[in-house]
Amino acid sequence: MTEQAAEQAPARAVSERRRISEIRNLGLVGVLVLLVVIGALTEPGQFLSTGTLVLLLTQASVIGVITVGMTFVIIGGGIDLSVGAVVALATVWATTKATQSFGIGGIVFCAVAVGVGAGLVTGLLIAYGRLVAFIATLAMLASARGLAIQLSQGRTQTVSTKNQALVDLGYQDSYVLGIPPLVLIFAAVAVLGWIVLNRTTFGRRTYAIGGNLEAARLAGINVRLHTCLLYVLSGLCCGIASVMLIILTSSGTSGNGNLYELDAIAAVIIGGTLLSGGRGTLVGSVLGVLVFTTISVLFTLNNLPTAVQQLAKGVLIVLAVLIQRRYSTERNSR
Amino acid sequence: MTLVEMTGIGKEFPGVRALDDVELSVEAGEVHCLLGQNGAGKSTLIKVLAGAHRPDTGEIRIDGTPVPLPNPTAAIRHGIATLYQELDLVDGLSVAENIFLGHEQARGGFVRRATMRAEARKLLERLGHREIRVEREVGTLSAAGKQIVSLARALSLDARLIVLDEPSAVLAADEVANLFRVIRGLTARGVAVLYISHRLAEIREIGDRVSVLKDGRTVAAGLPARTTPTGDLVARMTGRRIEFPFPPRPAPDAHDGKQEILGVTGLTCDGAFEDVTFSVREGEILGLAGLVGSGRSEVLETVYGARKATAGEIRLAGKPLKTGVGPAVRGGLGLAPEERKSQALLLHESVARNVSLPSLRRYARFGWFSAKAETDAVRTHTEALDLRPADVRRVVGKLSGGNQQKAVVARWLLKGCRVLLLDEPTRGVDVGARAELYRVIRELADSGVAILLVSSELPEVLGLADRVLVLREGHVVTEADARELDERRVLDLILEEHVHD
């Protein structure tokens with residue numbers, strides 16, 4: 001019954017939704033700048049070098065690609081806990097002797113196919129089998145990791161000399177204008193993701209489904225198919241990330257991607273995406289990944305223990321969520 | 001002896017005078033019935049009594065002493081317990097735990113489980129329901145069982161007045177009989193019951209006295225429940241003042257020879273409605289009247305494909321319509337659902353994004369979206385509907401109810417729908433904005449859209465629709481030209497069966 005009050009509220013010309021995300025992204029940029037300043041003050045010689053920047057971006061790129069997929073899933077109202085395990089499975093499967101005999105194309109194809117396949121399975125379970133996303137992806141987490149261990153017999157599978165060209169992509173000789181190919185892949189995935197999320201009907205429907213599933217359904221959107229595709233997309237990102245990880249480590253092992261799901265979810269959340277869906281930005285998620293990676297690099301350079309680093313991440317997540325809640329209560333107040 | 005006396009109660013919400021000088025006096029040990037149509041002010045009145053709303057004017061006396069009821073706790077402390085339609089029980093807790101929720105029997109912070117169970121058992125026994133095990137999880141009980149638990153809870157709070165808001169709506173016939181037994185047991189011990197129901201037969205059976213509300217005023221206070229003639233009661237409930245000018249209707253024969261757009265034959269949905277047949281022609285507004293639970297909304301949902309029909313046929317412009325929301329929307333159906341905020345809108349998104357939701361593909365080329373084409377198209381429709389503020393980038397959740405509803409209507413105009421299903425289009429819309437919505441709805445019809453209108457407000461259905469279908473307990477009881485019906489006649493039809501059985 002506050003209609004008249006609403007009517008009298010000052011008309012705001014700018015889209016409030018957009019403005020809020022802008023403010024939040026500005027905040028993250030601020031955090032990033034702050035971290036760089038801290039780095040410059042504590043380890044001036046090392047931190048401000050190109051080498052560190054390249055290292056930082058390379059470290060960010062694998063988890064970054066996964067975060068892009070995760071952003072879609074979370075904005076669409078879901079969650080994907082299986083990403084780390086799927087990465088493990090994809091790297092293992094793509095580096096088996098059998099796969100490697102097909103050459104580099106075989107490795108890449110296999111990694112991507114495993115990712116998409118796993119995403120399709122979870123997507124079908126969630127969208128058509130009506131399983132809760134948390135449970136379905138938790139099950140995928142367990143079984144994908146299990147299958148990875150089974151396939152590799154617990155061994156680390158190195159990329160054979162025949163396929164050395166793939167691993168070479170990780171070396172300095174392959175840098176394009178000083179930028180590692182991995183970083184370029186990350187950039188490409190992020191830009192593509194941004195376009196899909198903001199400039200296509202698919203992206204708009206993702207927001208709609210996460211924002212109000214019932215309204216989306218009653219507006220005639222095929223919410224099941226769309227939900228399923230979100231997990232396929234997340235799987236695709238895992239597949240790409242697996243290829244990148246193989247390049248980076250020149251091997252595949254069932255221990256790969258451990259706790260990636262938590263890093264990706266954390267990056268999405270501090271990027272300002274609501275865990276309940278319907279709201280969020282890809283730019284925020286990318287900034288989230290960069291903030292986390294910068295913290296890691298900073299701590300490593302300063303020889304601080306990883307325990308302190310984890311603590312800092314935890315504090316950051318809590319702070320981000322506290323800020324988020326202020327906006328979400330505003331949203332639910334009517 | 002008068003237990004609770006309310007005098008001069010007034011309550012105003014922005015744009016609506018919900019209660020105006022209302023009187024109600026309940027004696028100890030009586031069953032006092034409260035009658036009135038939707039929007040008459042019953043809910044507001046019981047919320048005042050429950051301490052959920054503070055009245056602007058008036059006085060509440062308990063045992064002759066004026067008492068303020070600023071919050072629900074105060075009302076409970078004064079012995080007033082209210083059982084709303086959606087019972088506030090915790091499904092995961094046991095019967096005993098629910099009965100004592102919030103006033104657990106404890107010693108030194110430790111819950112005395114055995115004492116509580118024994119007490120709960122006693123209370124249930126008092127209600128004649130020894131068979132409900134107090135250890136049982138409440139979620140596993142039927143609606144009737146839950147009601148008994150709620151009543152036991154009221155007793156555990158030493159309630160002297162128990163307010164029952166349409167308790168029979170969720171019950172089967174034999175369960176209602178049992179509820180009445182329980183109520184009689186309570187009144188015999190001096191507990192008063194304020195009983196709200198639309199079913200006249202029940203009021204005759206259980207009630208001692210009846211008060212009638214209309215337009216937020218008391219139009220009858222304390223009539224004898226058993227002997228007051230039905231016609232008298234209905235007459236008092238009807239004839240609500242017409243606050244809204246309804247747009248002029250086309251002549252009765254205006255739609256003759258027009259093409260049927262939506263045809264429904266023998267539509268059945270088990271447990272909701274049965275054998276519903278109707279036809280809506282181009283430019284026609286068909287109203288569905290009936291009580292909540294008569295199957296009105298379910299009919300709309302089934303036509304829209306959001307609910308599966310068990311039998312029957314739906315035709316769109318003569319062709320059978322496939323089941324499912326997707327085919328319905330592609331075929332040109334649009335729904336403005338009952339719960340606007342939870343079923344229709346993305347509250348934190350802009351008006352433009354809300355309006356374009358089903359038409360996204362149109363503004364995309366190979367998936368690439370043109371936001372400009374979208375907002376331009378949206379704007380032409382929101383301007384035509386005079387949606388305010390005119391800026392389509394504004395967040396929809398901050399608009400008034402009337403403008404939110406216009407956004408939903410604009411959505412289907414943009415999509416280009418041929419049949420518009422409106423479920424309670426003016427719910428939560430303030431009085432001033434209603435006339436505006438009525439005009440919009442009529443203009444839509446005049447432009448050739450077939451409209452199916454569901455509303456709990458009889459004057460709205462009768463004033464706006466061309467033809468009216470009256471539903472009672474899932475069956476069509478009458479279909480007639482709206483001009484041939486009046487409020488009393490329809491109310492009679494809606495209530496009839498209960499009067500006769």
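1. Helix α5 of chain B covers residues 143–156; at 1.5 Å a residue its 14 residues should span 20 Å, and the end C-alpha atoms lie 20 Å apart, which agrees. The model is a predicted one.

2. Of the 14 residues of α5(B), 11 are buried, so the helix is largely enclosed by the rest of the structure. The buried residues are Lys146(B), Gln147(B), Ile148(B), Val149(B), Ser150(B), Leu151(B), Ala152(B), Arg153(B), Ala154(B), Leu155(B) and Ser156(B).

3. Which elements cover the buried residues of α5(B)? They include the strands β6 (80–83) and β9 (161–165) of chain B, together with the helices α3 (95–99), α4 (113–126) and α6 (173–188) of chain B.

4. After α5(B) comes Asp158(B), which has a positive phi, near 55°.

5. On the scale of the whole chain, the domain assignment divides chain B into domain 1 (2–237) and domain 2 (260–347 + 400–500). Taken over C-alpha atoms, the centres of domain 1 of chain B and domain 2 of chain B are 33 Å apart. To the contact, domain 1 of chain B brings 16 residues and domain 2 of chain B brings 14 residues.

6. On the side of domain 1 of chain B that touches domain 2 of chain B, α7 (200–206) and α8 (230–237) of chain B each supply at least two residues. α8(B) gives the most to that side, with 4 residues. By class, this side of domain 1 of chain B has 8 nonpolar, 6 polar and 2 charged residues.

Terms used:
Residues numbered from 1 in each chain as written. Chains lettered and ligands numbered in written order. Predicted model: local features only at pLDDT ≥ 70, side-chain atom pairs only at ≥ 80, totals over all residues. Expected span 1.5 Å × (residues − 1). Buried ≥ 20, exposed ≤ 12 C-beta atoms within 10 Å, placed from the backbone. Contact = placed C-beta atoms within 7 Å. Domains from an automatic or database assignment. Nonpolar A, V, L, I, M, F, W, Y, C, P; charged D, E, K, R; others polar.
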